[in-house]
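Have a look at the structure first, then read on.

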Amino acid sequence: MSVETHRDKKGQLALLPAAFFGACPQCGVHSIFGEILHSNPASFMPKCKNCDLDYSSFNVGDGPAAFLTFIMGALIVTLALTVELSFYPPFWVHIILWVPFTIIMTIMSLRIAKGALLILEYRNQAKEAVSDDVKVMDGSKEGNDA
Ligand SMILES: [Zn+2]
């Protein structure tokens, strides 16, 4: 499976492959995240190393972390209970299995979810509302009332 098979008509990667590979939404270079072992593995780089797109201007918030807590918690507890009730292994087997699995799955799913949100913010030009946006809304409301 190559990266090139997932490009759309505009030459952009589809959302999930782009998020999985951490592709810059502007140029497509894999630069949203740094090296996994060199820094906080799920934090954004300050800017794209190829096109200088400022990643610090995007605000994905805590949405991915809160959402993934429920998904990962349910998945890992289900798997641990299944292993326990099927094989009755000693407790150290659970530690060896679930601690690394939890760490790896958390990092990978956070990178995918945060990358997807950043890419969606860029593609939809999403941003916080400023006072000018509110004034426009007030003006249209007055126009409807008259
Ligand atoms: Zn870029």
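Predicted model: local features only at pLDDT ≥ 70, side-chain atom pairs only at ≥ 80, totals over all residues.

1. Residues are numbered from 1 along each chain as its sequence is written.

2. The protein chain has 4 helices and 0 strands (DSSP runs of H or I with at least four residues, and of E with at least two, numbered from the N terminus). Of its 146 residues, 12% count as buried (20 or more other C-beta atoms, placed from the backbone, within 10 Å of the residue's own).

3. Now look at H3, residues 91–123. H3 has 33 residues and reaches 47 Å from its first C-alpha to its last, close to the 48 Å expected (1.5 Å times one less than its number of residues).

4. How do H2 and H3 pack? Helix H2 (residues 63–87) meets H3 at an angle of about 150°, with the axes 10 Å apart (lines fitted to C-alpha atoms over the stretch in contact, with angles from 0 to 180 degrees between N-to-C directions). That makes H2 roughly antiparallel to H3 (an angle over 145 degrees).

5. The buried residues of H3 include Arg-111, Ile-112 and Gly-115. Among what covers the buried residues of H3 are helix H1 (15–21) and H2.

Key. Parallel < 35°, antiparallel > 145°, perpendicular 65-115°, else oblique. Contact = placed C-beta atoms within 7 Å.
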